[in-house]
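Dear colleague,

Here is the structure I said I would pass on. My notes on it follow below.

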Amino acid sequence: MSTKQEEIVELEARVNAVTMDFEKESSNTHELEIAKNVLSKNLEDSMQSLSVKDKELQELQSQYYMERKRLEDSIEDFKNEIKGLGMKLKKAEVENKAQPCSNIERDNSSAIFAPIPSTKSIHKSIVTAGKCLYCFNAFDINEHNILAVVHDYISVYLYSENTKIEEKLCTCQYDVCSLAWNEQGTLLAIGGCHNKNKNDTIQVWDITDRKITKRLLIEHEDQDCYCLDWKGDTIIAGTDNYIYQWDITNPEKDRDRQRNKALFPNNAIFNIHNGCIASVQWSDCKSKLATITDCGDMCIYDEKFNYTHQVKAHDDYCDARLQWCPWDNQVI
């Protein structure tokens, strides 16, 4: 009996110890639960704060990229504005150099242009000039409102519509028949009678420097130049029997002939119709070339000078001229 009681006491002691351990563990577990809840709450608060910070960061990044794009666009606009101002400045410098300078006192020449009061609203200004051999093509006006015109058959004058100043550009060794400005209004092609000199029938003048920059060689004998037209850096000329083309930037065609720089033509097309080439003109898109003879035969070529069309546009010896429609390259 005593032994049983001792076992019971021992078991009770063990139960009490286990109970105490359990209570301690329960207390620890409760504390851990509390700590866990606190950490969860802190974590949730941190996550919410992080989410807010993330949104703020995204907004800041969006503002940064928008501002960066705005600044890049502003810089690009500024560059374009500087480029545009540079182009305007260059154009103004070229226009200023191209403007006629009065040389009446310098060479004792008298004024050849006589302004006439205009009575019609469609006329901005009217001037009269002197004689020329082939009046239809012996004048041209550039984008700077500078008129180039032939006077007394062999002289070329410049006249500014803006300043009303005239200047004698040159006196040629042949009768001048045709004048043509390039698109920029800085180069003037002057063509005329051959005068037995194939090197000097067509001259190209740099107006900003007032000097001959090219002499265009006509390869065949006895070819007068009656008409001229530009396409970029190339020149087209119509003569008695041929249509010539020169590229004034092609160094391979530049040759020294009789101590004159003479540029050989890139192309020479024989005129199969009657009469001389009275007029040549590129279409506004520069893809078609039209020619017409003084006997009224009109031909159309593509940009590679392939023959595409021919028609008898006028009667013989009609002094026909060409003009493409500015807004329709199918109409001439």
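The model is predicted: local features need pLDDT of at least 70, and side-chain atom pairs count only at pLDDT 80 or more, while totals for chains, interfaces and linings use all residues. Residues are numbered from 1 along each chain as its sequence is written, and side-chain values use heavy atoms, with hydrogens and water left out.

The pocket

A pocket here is an open set of points on a 1 Å grid over the protein atoms alone, where a 1.4 Å probe fits, with protein on both sides within 12 Å along at least five of seven lines; lining residues have an atom within 4 Å of a point. Its volume is the space filled by probe spheres set on the points, which are joined across faces, edges and corners. The largest pocket comes to about 760 Å³. Its lining is made of 32 residues, and those nearest the centre are Asp140, Leu228, Asp229, Gln281 and Gln323. Two or more lining residues come from each of β3 (139–141), β7 (176–181), β11 (227–231) and β17 (277–282). Of the elements, β11 gives the most, with 5 residues. Strands are DSSP runs (E, at least two residues), numbered from the N terminus.

The sheet

An open sheet of 4 strands runs in the order β3-β4-β5-β6, with antiparallel pairing (two strands pair if DSSP finds at least two bridges between them). β3 and β6 are at the edges with a single partner strand each, so one side of each has no neighbour in the sheet. On average, neighbouring strands of this sheet are turned by 20° against each other, direction ignored (axes are lines fitted to C-alpha atoms). Between the antiparallel β5 and β6 there are 5 bridges; Val156 has Cys170 in β6 as its bridge partner.

Two backbone points

Most residues other than glycine have a negative phi. Lys164, not a glycine, has a positive phi of about 60°, and sits in the loop between β5 (155–160) and β6 (166–171). Lys164 is partly exposed, at 47% relative accessible area (partly exposed lies between buried, under 20%, and exposed, over 50%, with a 1.4 Å probe and protein chains only). Lys286 has a positive phi of about 65° and is in the loop between β17 and β18 (288–293). Lys286 is partly exposed too, with a relative accessible area of 31%.

Regards

How values were computed
Axes are lines fitted to C-alpha atoms, for helices over the stretch in contact, and angles run from 0 to 180 degrees between N-to-C directions.
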